[in-house]
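I opened my notebook today to look at aromatic rings and strands in a protein.

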Amino acid sequence: MRIGIDVDGTAVDTSSWYWFQYLQSRYSFKEGFDQYSKIPYNVSEMFDIPEGCDPMAFWKDPNLYEGLLPIADSVDTLQKLKDEGHSIIFISQCKGWHHKSKYYFIEKWFPFKDAVVLTKEKWAVNVDVMVDDMYHVLDSMPENVLTIKFREDTEQAPSKRKHMLAMNWQEVYNIC
């Protein structure tokens, strides 16, 4: 089986906490924002971003992944799936110049992987299973692909399809 794995928010937790800290150090919360509500997937929606400022600059940092760690159990689970004969293919989007940092992160923590595909069009990669934390990505996958939504910790537009849900990597393993 060919298993596609998203990186941000699935193999490494950059999507909410670190991006949130980056934005919080530069901008103030929007007036009336309830900081105790579920965090939106696009955490920049929580902040008052002045015109001309780029909240996505975080994602363009060429050293973004240096010092980050994989999400708990992701390395061991994917190694186990690889040992059982499955292909492990990381499929991720890159912004700016951080692709090298992301690639080296994957090389360091997942040296057993079969491939790294950096693309916005994840639906075009031939996989049997796709693990991602974004509904719109999973919704775009071909119907014959088993789609696994990783975690439910951010607010997103509702899904157009039914996906398996895995709250952690042990649950991903059980589904695969």
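My notes below go through ring pairs, charges over rings, strand pairing and one valine.

**Entry 1: ring pairs.** I kept in mind that this is a predicted model. I looked up the aromatic pairs and got a count of 12. I picked phenylalanine 29 and phenylalanine 47 to look at: their ring centres are 4.9 Å apart and their planes sit at 20 degrees. Why does that pair count as stacked? Planes under 30 degrees apart count as stacked, and this pair is at 20 degrees, so it gets that label.

Phenylalanine 29 is in strand E2 (residues 28–29), while phenylalanine 47 is in strand E3 (residues 47–48).

Phenylalanine 47 has a relative accessible area of 1%, and I wrote it down as buried.

Entry 2: Next I looked up phenylalanine 110 and phenylalanine 112. Their ring centres are 6.1 Å apart, and with the planes at 75 degrees the pair is edge-to-face. The cut-off I needed here is over 60 degrees for edge-to-face. Both phenylalanine 110 and phenylalanine 112 are buried. I also found them in a cluster linked by ring pairs, together with Tyr65, Phe90 and Phe105.

**Entry 3: charges over rings.** Which ring does the charged end of lysine 80 sit over? I found tyrosine 173, with the charged end 4.3 Å from the ring centre. I noted lysine 149 too, which lies over the face of tyrosine 135 at 5.1 Å from the ring centre.

**Entry 4: strands.** I followed strand E1 (residues 2–5) and saw that 4 bridges join it to strand E4 (residues 87–92), with the two running parallel. Arginine 2 stands opposite serine 87 in E4. E1 also pairs with strand E6 (residues 129–132), in the parallel sense, over 3 bridges. There, glycine 4 stands opposite methionine 130 in E6.

**Entry 5: valine 116.** I located valine 116 in strand E5 (residues 115–118). Its relative accessibility is 23%, so it counts as partly exposed. What does valine 116 touch, leaving out residues up to four places away in sequence? I got Phe90, Tyr103 and Ile106. Phe90 was already in my notes as part of the ring cluster. Last, I looked up asparagine 168: its C-alpha atom is 22 Å from that of valine 116, and the two are 52 residues apart along the chain.

Technical notes
Residues are numbered from 1 along each chain as its sequence is written. This is a predicted model: local features need pLDDT of at least 70, side-chain atom pairs count only at pLDDT 80 or more; totals for chains, interfaces and linings use all residues. Side-chain values use heavy atoms; hydrogens and water are left out. Rings of Phe, Tyr and Trp (its six-membered ring) pair if their centres lie within 6.5 Å; planes under 30 degrees apart count as stacked, over 60 as edge-to-face and the rest as tilted. Buried means under 20% relative accessible area, exposed over 50%, partly exposed in between (1.4 Å probe, protein chains only). A charge sits over a ring if NZ of Lys or CZ of Arg is within 6 Å of the ring centre and within 35 degrees of the ring normal. Two strands pair if DSSP finds at least two bridges between them. Contact means heavy atoms within 4.5 Å.
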